[in-house]
Each structure stands twice: as structure tokens, then as C-alpha cells.
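Me: I have a structure open and want to go through a few parts of it. Can you help me read it?

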Amino acid sequence: MNAGEAKLPHLFKPGRIAGHDTANRIKYGACCVSNYNDRDGRISARELARTRVIAATGCGIITNQGAYPDPRGEGKAYFRQVALHDDRFIPEFETIAGFIRERGAIGIQQILHAGRYGGIDLGYCIQPSVVPQTLPHFRPPREITKEQIRETIRDHAEAAKRAIRAGFHGTEVTSFMGYLLANFNSKFTNRRTDEYGGSLENRGRFMRELIDAIKQATPDHPLVIRLNGAELMDPWGGNTEDECFELMQQAARCGVDMISVTVGWQEAPESSIGRDIPPGYWNRLAARAKKLLPEVPIAFGVRLPDPVMANECIAKGEFDFWELCRPLLADPELVIKAREDRLHEARRCIGSLNCLSRVFRDLPYTCTMNPALGHEVEPEYRVRPAAVKKKIMVVGAGPAGMEFAITAAKRGHAVTVFEKSDRIGGNLLGFAARDLARPDDLMSVVRHYEVMAKKLAVEMKFGVEANPKFMRSQLHQYDAAVLAVGARINRAALRDIDGHERLLDAFEVAQGKAVVGRRVVVIGGGKIGLTLAESLKKGGHEVTIVEASKRIAGDVMPTFKWRHTTWIEELGIPVLTCARVRKVDEQGATVVDDKGRETVVPADSIVAAAPRVADQALFHEFEWMVDELHGCGDALIPRGLDSAIREGYRLGCRL
Amino acid sequence: MPENTQRWTDALRREAALFEPLTAGARIGIVAEAIVAGAARASTMLVWQREREGMRAGVERYDGFESAPVDLLIALDEAGVEGIEGAIDGDFVRSLRALVRGGHALFFARRPRTELEESGYEDLLDEIGFAYLGACR
């Protein structure tokens, strides 16, 4: 037994689903879809390379991402979703099933008819009743007829048969997030007056017929159903939690082999899986399902990214299988590291929702923490031994510099990082601590680099200010230098402000190097200014934000924009948009709006959080001092964590 | 729902800059959630309409959201109706935003996103806090 297995015995004990033994109690969830595939639904080489990685994650059950079952594309929710409505798609599914079987896991193919969120290539979607979209990303609804219901159920059963023919052990249907099954189950979208609508019994009829049809089509194979423990749509006429659990009972009576408990619809008015939801928050729903249906295996993993917590939940009997996806996007070796007692080396999902932000822009999903995600098919993204082992110096121990350093070290280079402060983290450090959502998630990035630098023997030299004099002292000692010094506030762009010398620097304030008074004006309503303003306000300061453009949060990840705007409102931080600071003095900031009107905002401190500029001076100064000179991250263009990690990694793979 | 259309027209025109990007003919309907839920199918809705000279409020018959001749339908629960009525002479945009965030107002889009953008809704929806992307959050 591995050391990790001894520490997490419940997670790593064998399980069973419909007569099939599983190596452990971990189920790779189908999560969302990758958008890596061909537009006609055929699985791409990119997807196959990705699924090979998924198959190797060490999960006892692997669920392959949802395939739409109908030839019309009404069930298709994502531009590059895979299809399983015809035999011509089977060969690639066979390959994936083969990957899973090779690893000794149980392969489950999810069949996903998106209902209300479907018809992405069409001018409409189908659902039980015509309930307009609350998210205009999706298509206008048409009411599904009874004949179409029968046809849709047949499509599901046929798709299930194809999945089994391809070599999967079983199938899964899903009502997660508000897909077709959920649309029938929910009072919010099912307002029918026939036998498929009205009472809970009637609303559950589609689900029961669907289960029955798949069970008849694939009688010897497990069928998993994903059902909401909470829709979070009840304020708008959706199902109550009690109704959700009655539907689970209906599904259990129909003989499903596992229930995966999920939370929320895409259009729900509250969060379910973001960083602002504490891990474990929804566990009660799984526990309720397990108590209600002790004989049915229950899988759960909504906002439950931690294997240690999952192990405890299984021990307590709250659920049977830990179902996860996003943590395995961030680190495909998470389960292996847990098994080998190397969890401290894992890259944690930080809940930035970069993945879903991209999927809803019809882009392939990527991961802030895993720059190789989706590029597994490309040799250029692989960490391979370097042909020539080099001695490399890195300037800057922020995410870009550290990502480069550990990637280059894995390839065999000897890496030394020079950092002017006394620890790893760069500008992320100050802002991670001030994150209102969950500082620990962002701090986990810093901890990861600390652990990996030590493990990979990256030499860290702190307290070193990189400048030409320093560089001259290092002449001919390194084959390459990487500048990852990040961005700084562009004070030159603020020189028009009368009294600009009094401006404080947002990065220095964030890191505690500059102290602000009680009343603060923050110039810039982007992520730097917002994060700082929010934390200052929470710390008891009076804060006003001055933003030049029409809206705040312009550089914030789409799925986090609303959080910042909400926090700003909840905290009562005044925001002056379309405005600029003209003068700074002991009275405060004189602010001019786009109509030329002046206001004096009383303040003890004025903090510049914008504009940012790449810190590129060293590129010119070092140019003739080292053989190879490279840059990455915000030192090239100020952006953020995602591009810093991606570029550090890419350069590390290449150099 | 409030049916004092002149006061609503005045309120909308106070926020002229926000509605200015809308193309002429753009229409937003506002109804009580109880009506949307089917408690009273035939009722009235408040309509904010963009006309060439600016915004105008009116009251129209509401026969269900399937047929409501508007681009967006805002359904307000009891607290939402109270909130928006109370804000008619004040910062009603801010109030509406708070109602959306508080779960007291729900938008139904009767046109797809691309069409809404073409009709100039982007700024307005952003200002109100309309979830544009899908909220698997």
C-alpha cells in the first residue's frame, strides 16, 4: 500500500458499480465539454490526446465528456461538442474506451442533450415549455412535442448502445446545469399540462422513460444519472430541494446504478462552484441523498476540491464516490500524488473559472494552473529533456518566473532565480492576501512554487536587485537570462496630475510597503485597483475609486466581473467612472468627469493602481551581457496570472 | 406594477446616456413575477421603449412571455416591485441592479445575444448586472 493510500484509506478503497469493481472511490466527472473537437461532432486528435491523459489520472471510474445524441443538433450545447448519433463516430469512442480500459478503470460515456442550452448551431432550442432564456447566449425556445419526446428518448437509447459497442462499461445521463432532463424535472421550465408536466410525478415521467429506454437498450451495463440536489432556481419557480430529492427517489426506483448529486443551473442567481464558495459547502446535499437512498451509490464533488475532505466524507458515509473534474484539469496527477502522499506537490484548482469563461465564449477550455491543458497533442507543450543543458538565470520570482524556473529545471537546466524581495510570489503575494473570494486559493499558487523549487533544486537568491551593475557581476556565468520582472504602475503616464509626486503605488500598498491614511482614493478600477480598494474598505478605510473608462472591472475574467461589481456595491465603495484625477494635494483628489465637472474627493492618500506598464528597462540594459535573453509574463505585456503561468511554461518548454 | 407612465418616462430620460445606445424600437417589458409564473396570464406590463426622441414608458397588455413583444422581459418578485416603485424618482438603475443581485429581478431574453448587442443593449445590460455569460459559477 502506498503511503497516501494509508492516509486516505476510504478514498482508495475499492468500490463497486452494477457488478463492476472499481479500483478506488474516485470518479472523473464529465464536467463540461472541452470544445476541442470538430464542428460536426467528430472527436479530434487533440481530444484523443487529452483523454489519454484523463485515462491516466488514476480514477477508478472515468466519465467521458457528454456527447449529444440527436442528428438534428438540438441537444448540442457547445460549438465543438462530440456527437454520438451515428455509427460513424464510434471509432474515436473506441479509442477512448481503450485508453480507459488499459488503465483498469471503468469507462462511462455521458450522453448530454442540452435542452434549453442546446441547438447551438440552430436558431432554436427545445424544451418542455416555451420559457425564454435568461441568458441570451442560448437559443430561443420551442416546445418539444410528444413525438419529439419519443424520438429524443430513442436517440438517447441508440447513443447508449453505440457507447457500449465502443467499449464503455456504462453510460450516464445528466440534468446538471439545466440540460434537457433538468428542464423536464423543473417547474421553472416545465409548464406543460399533459402527462409530462404538472405534478412531480408527471414532470419526472421523461426521466423515468429515459432511464427505462437506456436500461432496455443496454441491460447489462451501469447507468449513472446526474441530478440536482439543489437547482438554485427555486426563487424563480424552480424545484425546491425537497422536490429534487423526490426526483432522485423516482430515478432510484427506475433502477439507476449511481446517482451523481449536482448543484445549480447555469442561470441560477447564486454561485455554486466559484472561489467564493467554501469547499465542502454543498456536502450536505450528498449526505441527504445518501441517507435517503442508502442502497444507491452516490457520487459527489461539487466545490469539493480536496482529497482529504473527500476521504473524510466517504468515511462519514456522506457519499460513496468522490467525483471531480476541475481539480484534475489543474493537475492531472492529483490522484496519483494523493496516492503517493505527495499532495503538497499538487497544483490546486484556484476556482478562477477560466475554463468555463472560455467555454461560454465558444472557445476550447484552458486552465490557469495547467498551461498544457488542451495542448497534449502538441510536442511543443511537453516537458522533455533539454538537448543542451544550460545554466539559466531568472530575474523575478513571481508566477511567470517561477513557472519558467520549475519547467526548465524539470528539463535538466540548472536554474537560479534572483528576486529582490525575500520570498516567492512577486506581485501576486500582495493581492492574493487581499482577495475577497478566498485568499488561500491564490496563496496555493505561491506554496506550489515554493515546494517545487525546493524539490527541483532551483536555486533561489533573495534580496537581489537586478540592475546593470549586478549583471556585470554575473557576466559569463549563465547561458541564458529570463526577465520575469512583471509590470509596474506607469508613473510617467500620471505626470499630468498636479501633485503626482504624492501618489502612492498600488503594488507597494498591497505589499504593505506603503501605508495609507483613513480616507483613500484609488485611481483605476481594474483588477488591481478593485482588489486593493475592496480590502482597504474591509479593513476600515473610506475608499473611492476613480476610473477613466465607462465601467470598472474591464480586465477581470468574465466570470469574476460580477463578483467585483457586487463587492464594490456591498461594501459601499463610491466609483467615479469616466473620470480622471487632475490634482492631488493635502485636501484629497480633484476629479474631473467627462463633462469637465470638477469634484474634490477628500482623501489622506491617493493610490495609483493604473495604468500598468511592462517593466522592460532590463531588456535593453542586459542585451549585450548574456548569450540568450528572454522575457515572459507581465514583463512583456501587463495582463495577469493566467498569461504569466502560460508564458513561463511555454518558455520553459522551449529554451 | 407601476403604471405612472409619465413619471417613468421622466425617470428614463434622467438616465438618457444609458439608454442612448439603444436603437429606435428597442423595448423592455417589466412584469410582476406572479404574472410570469402563470398566476394571472392576461395582465399588463410596463414597457420602456426607445423612440427617436428618447425613451418613453407605456403600459401594454401582457399575454405571457411567449408572445410578449419586447426584447427583454424583467420579472420582479414582490420585493422587486416594491423596490422599483420606490426608486422611480431616484436612482432606479442602481435599484434595479440591486434587485437583480438580490434575486428579486429575473431577465428573460426574447432575442439572442448577438441581436441584443446589435440593438445597443450591451452597456445597459452590463450596468444593470445582467449575467451575460452563463453563470456556472
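Me: What is the mean pLDDT of chain B, and what share of its residues reach 70 or more?
Reply: This is a predicted model. The mean pLDDT of chain B is 84, and 85% of the residues in that chain reach 70 or more.

Me: Where in chain B is the pLDDT below 50?
Reply: One such stretch is residues 132-137 of chain B. In the model, that stretch has 34 contacts beyond near neighbours in sequence.

Me: And the complex, what ipTM and pTM does the predictor give?
Reply: The ipTM is 0.80 and the pTM is 0.92.

Me: Switching to chain A. Where is A:D70 found?
Reply: A:D70 sits in the loop between β4 (61-68) and β5 (82-83) of chain A.

Me: Is A:D70 buried or exposed?
Reply: A:D70 has a relative accessible area of 0%. Buried means under 20%, so A:D70 counts as buried.

Me: Which residues is A:D70 in contact with, leaving aside neighbours within four places in sequence?
Reply: A:D70 touches A:G75, A:H85, A:H113 and A:D155.

Me: How many residues apart are A:D70 and A:K513, and what about in space?
Reply: They are 443 residues apart in sequence. From C-alpha to C-alpha, the distance between A:D70 and A:K513 is 60 Å.

Me: Helices next. At what angle do α2 and α3 of chain A cross?
Reply: Helix α2 (residues 45-55) and helix α3 (residues 90-102) of chain A cross at roughly 25°, and their axes come within 8 Å. Angles under 35 degrees count as roughly parallel, so α2(A) is roughly parallel to α3(A).

Me: Is that crossing of α2(A) and α3(A) right-handed or left-handed?
Reply: The crossing of α2(A) and α3(A) is right-handed.

Me: Which residues meet there?
Reply: From α2(A), A:L48, A:T51, A:R52 and A:A55 meet A:E92, A:T95, A:I96, A:F99 and A:I100 of α3(A). Five residues of this contact between α2(A) and α3(A) are nonpolar, two are polar and two are charged.

Me: What about α4 and α7 of chain A, how do their axes cross?
Reply: Helix α4 (residues 146-166) and helix α7 (residues 205-217) of chain A cross at roughly 35°, with axes that come within 9 Å. The crossing of α4(A) and α7(A) is right-handed.

Me: Which residues meet in that pair?
Reply: On the α4(A) side they include A:I149, A:T152 and A:I153, and on the α7(A) side they include A:F206, A:E209 and A:L210. By class, the contact of α4(A) with α7(A) has nine nonpolar, two polar and two charged residues.

Definitions and conventions
Residues numbered from 1 in each chain as written. Chains lettered and ligands numbered in written order. Predicted model: local features only at pLDDT ≥ 70, side-chain atom pairs only at ≥ 80, totals over all residues. Heavy atoms only, no water. Axes fitted to C-alpha atoms, helices over the stretch in contact; angles between N-to-C directions. Helix = DSSP H or I, 4+ residues; strand = E, 2+ residues; numbered from the N terminus. Parallel < 35°, antiparallel > 145°, perpendicular 65-115°, else oblique. Left-handed = near helix turned anticlockwise from the far one by under 90°. Contact = heavy atoms within 4.5 Å. Nonpolar A, V, L, I, M, F, W, Y, C, P; charged D, E, K, R; others polar. pLDDT = per-residue confidence, 0-100. Buried < 20%, exposed > 50% of the residue type's maximum accessible area, 1.4 Å probe, protein only.
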